[in-house]
Structure formats: C-alpha cells, structure tokens
Amino acid sequence: MKANVHSVWYMPLVSGILIFLLWYGIGHYMVIDQMATDNLSRTEADNVRKIMLPYPHEIWEALLEESDALLSATRSTFTAATIGFLFSVSVGYLIAMFLASSILVKQAMYPWVLVLQMTPVVILAPIFVIWLGQGLPSITAVTFMIGFFPVVANTTMGLVSTDKQLIDLFRICNASKSQEILLLRVPYSMPYFLTGLKIAGTLAPIGAIAGDIFVGSSSSGAAGLGFMTIVFNSQLKIPALFATALVACVLGFVFVGCVNLLHWWALHNWHDSMVKKED
Amino acid sequence: MLPRPFVRFDALQKRYGKGPLVLDSLDLSVREGEFVSLIGPSGCGKSTLLKLLAGLSPVSAGDLVIDGMKPVDAREEMFYVFQEANLLPWSRVLENVELPLRIRGDARDRRRERAREMVELVGLKEAERQFPWQLSGGMRMRVSIARALSVRPKILLLDEPFGALDEMTRDGLNEDLLEIRERDPFTAFFVTHSVAEAVFLSTRIVVLSANPGRIADVIEVPFAFPRKAELRESPEYLEVLAVATRALRDVISES
C-alpha cells in the first residue's frame, strides 16, 4: 500500500497529457466536421473552432497577450476575496460565539442565520449596490455572504460540543466564564473552526468573482476577473476567457493553499487528524 | 476531645431532578489526613458522591460540610482526578500541569516552577515538553495527578483514576501516590472497583450498597504509613482484603 502512495505522483501528469491529447483531438475533429458540413475552408473552420474550443497553446498566448489586464484584475479580485474572507471569518466567529453563549440564544437566532444563508446572494446584489455603491464594498459584501455560514455553523458546533469532563475540570478550578471560553472552548473548537475556514477559503475567490460580475465596477482600474469575463465575452475573445478561467483557478488554489497551511500550522502537533499515532 | 471532623456527611440524600434516590441517609465523618476509599456495585452512587464533594452537583437533602464550608466554597482546597486523564490535548505536559494555577491567576514564573516540581515528582521530567497523545495511559494519569497536586489541595477526590490501566501500572501508581502523600499530605476520597487497591491505599474503606446508595459497612485499615509494595504479601493485608471482599460480596448479593 505504502509503495503505491509514493509512486502515484506522476499519475496526474499522465492523465493531464491524455486530457490534452483528447482536447486537440476534439478540436481537430471539429475543424474536419465544419469543413464537411458547412463547406468552409480550413482557415474559416479553424476560426469557428477557435471560438468554440481554443487550443491550450492559444489560451497560453491569450494569457500572455492580456497579462496586464489579467494581472490587475487578479489583484483586484484577490483584494476583494481577502477582505470578504476576513469579514466572513471574523464576523462568522463572533456570530458563533453569540449563538453558543446560551441554548436560548441559539434557538432564537439560528433560524435567522439560516434565512440569511438561504437567500440567494445574487438577489441581494442590487440591494448591496444601493447601500454600498458599485465596486469593492459591494463585492466584499457578496463574498462575505457566501463565506460566513460555514464558519458560523462549524464554530458553533465546536463551541457547544466541548468535552463535558473538561468543563467539569474548569469548574473545579473555579474558572471564570471568560477563562472557560479562552482557555477551553476556543481551543477545543479550533478544528471545527478551521474546517469552516477551509470551506470559506474555497468560497471566497468564487464569491469575489461572482460579486464582480453582479456588482463590480470597471472605474479606475478596479475591474476584477468577473468583470474581465464580461469584457472578453463581449469582444468574442474566447481564448482570453479561458485564460481568465485559468487565472481564477490558480487564484483559488493559492487561497485554499494558504488556508490549508494555517490549518496545518494550528493543528499539526496535537490534533488526531494530524498526528501519527504509533499503535 | 475528638478533633472536629474535617468532612461531614449528615443524613445526606441525593437525587437527580425528580428521579429516584441515588444516595440515601449518608452519615460519615472524616478526619483530616484520612484516605477514604469508596467501593460498591455499579449504581451505588460512588461517583455521585465525589461530584457532591466537588460541588459539581447540589445536595438534595441533609448536609455536607467540608472544612466548615459548603462544597462549592471549599473548591479552593480540593482537586479532582478524573476517570480518564482529562488533559487538554493541545497543551504540553507542563502547560497541562500548570493549568489550575494559571486559572487561579498565579504569575507565570511561579506556576512554571511549581509545575516543574510536580512533573518531576511524578517522574515525567523527560516528557514535560510532550503532548498528551505522545504519552502512554499510565503517563497521562501521572500528568493528571501532577496537575491535581500543583494546587496543594487539602482534599483530593479521585474517581477510579487507575481503572483503565493494567495491574502492574496500577500497583506502581498506587505506591507512588502514597509516597507523594508522605511529602504533601492530603485527605483523599478514592472511588475504585478494586478491593486490593482500596486496602493498600486507605485508612478506611466505605462499602456502599446500591439503589439507593447507602453505607453498608465501614472497614478500618490499620496499617501504618509509609506503606511499601511488600505490604501486599503480608498476612495482615490479606486478612483485611478478605474482610473487604466479603463485605462487597454481601452488598452485591443483597441487591
């Protein structure tokens, strides 16, 4: 088993090459098909194919060509995603603390948190624009709305499920409420919180891009990746559209990678999921 | 004149909510420095008794006085050793041991020093930087005991602390516990399922009957301290062991 785990690193590479071959194959078939059915010349058929399915190397060329615009858009989206993420996490944590403070509060308030979560953000977008105006504040609000719930749900779960025996220990120590929260409940709920954090981290770039599409603004170079999508689409720059997707994907990986690093750092020397037990 | 009892149970009753009586008409006086073991069939309320002493659960009727105080007010003088080691998994050994002192508000240097002393006392100096998951069950229990002793408790409540350990580890910890008690005397209430353990450790063994828990028998264990491992092989020890075993069998066959 162990040998297998170590020898699979090249498997994604192999499957990647297969996908590329398939990609070029389908493109080639499309050109032949267009030439036969619509009586187009090879160049004309290839132009149609370029709009339908640009080849990977064409996407790469588009990426280099539009690199300035994409770089500034990435920066803008990254900023919105980061701010929105930080809001999701901090406000989410405070909401969780509030919900976990008593069963009564949780019973009274949790349904309303659910209502907030269940309302599609896309519908709220115009309202955000009215309140906050077009641009970064609204995009941040959309990102927050998409990302805060996993933090709330997971952290609340962790805070209220703290080990009863450990709570007894703190009672015997005559611990104050705030000591119980800071020294026991907060660290105990850390793995739960970090799970919420991971989900929020995955959602933040998506939220920022979706927010950019609905409530973004192009003024003073503030256009994000979502806005670029609209621009490239209207200009029929399809390879650039694919390139935008690629950049967004990389941004997502970077974001999630950072959050995973934090997750590892916080848990690696004590939590069951991280430590190797010698049984 | 007899000294004032240190801990006194007076016609004590306990029930949870509107449920049946768990403990009934308990009368017991304990002098300072005694080591009282509580044995009895499961459901006799031994652990409940400790919870009452610790003030984790209120007395339903009657009286429980500890050093002239109600249990909740006497917490400063007590500590509790749980069935499981009950350590904070995210804290190292030393931090676990100093936790009660930290909660109490002791200065960092002072509590570190005391924690080091306790960790050394239980023989875990080498492991002080380790996390609980890196320790064996016996070592974890030692940490738990070191933590309890860090506050210099006048009363130590132990709820089957060695129940999950193998016999050799358990015997070793029993001897260590008595040795520590020679240096830092405390009054002990010790819940156990093991008659042998109770005889080895105690000055008195309280045998409880079940449903509801009542005191069926109190057995004096006359051996002087310090007690060494060899005590377990002496005829006197085996005699008391037989008496206690019989007393336990009697309450079990009654119920």
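## Helix packing, chain contact and sheet

In this predicted model, residues Glu58(A), Ile59(A), Glu61(A), Ala62(A) and Leu63(A) of helix 4 of chain A meet Pro239(A), Ala240(A), Phe242(A), Ala243(A) and Leu246(A) of helix 12 of chain A. Sorted by class, this contact between helix 4 and helix 12 of chain A holds eight nonpolar and two charged residues, with no polar ones. The axes of helix 4 (residues 56-65) and helix 12 (residues 238-267) of chain A come within 8 Å and cross at roughly 80°, and therefore helix 4 of chain A is roughly perpendicular to helix 12 of chain A.

Between the chains, the contact draws 15 residues from chain A and 15 residues from chain B. On the side of chain A that touches chain B, helix 9 (164-172) and helix 10 (177-215) of chain A each supply at least two residues, and the largest share, six residues, comes from helix 9 of chain A. The classes on that side of chain A are tabulated below.

| Class, side of chain A touching chain B | Residues |
|---|---|
| nonpolar | eight residues |
| polar | four residues |

Chain B contains an open sheet of six strands in the order 5-6-7-3-8-9, with mixed pairing, and its edge strands, strand 5 (78-81) and strand 9 (214-220) of chain B, each pair on one side only. Neighbouring strands of this sheet are turned by 20° against each other on average, direction ignored. Within the sheet, strand 3 (residues 35-39) and strand 8 (residues 204-209) of chain B run parallel and are joined by four bridges; Leu38(B) has Val206(B) as its bridge partner in strand 8 of chain B.

Conventions. Residues are numbered from 1 along each chain as its sequence is written. Chains are lettered from A and ligands numbered from 1 in the order in which they are written. This is a predicted model: local features need pLDDT of at least 70, side-chain atom pairs count only at pLDDT 80 or more; totals for chains, interfaces and linings use all residues. Two strands pair if DSSP finds at least two bridges between them. Axes are lines fitted to C-alpha atoms, for helices over the stretch in contact, and angles run from 0 to 180 degrees between N-to-C directions. Two residues are in contact if their C-beta atoms, placed from the backbone, lie within 7 Å. Ala, Val, Leu, Ile, Met, Phe, Trp, Tyr, Cys and Pro count as nonpolar, Asp, Glu, Lys and Arg as charged, and the others, Gly among them, as polar. Angles under 35 degrees count as roughly parallel, over 145 as roughly antiparallel, 65 to 115 as roughly perpendicular and the rest as oblique.
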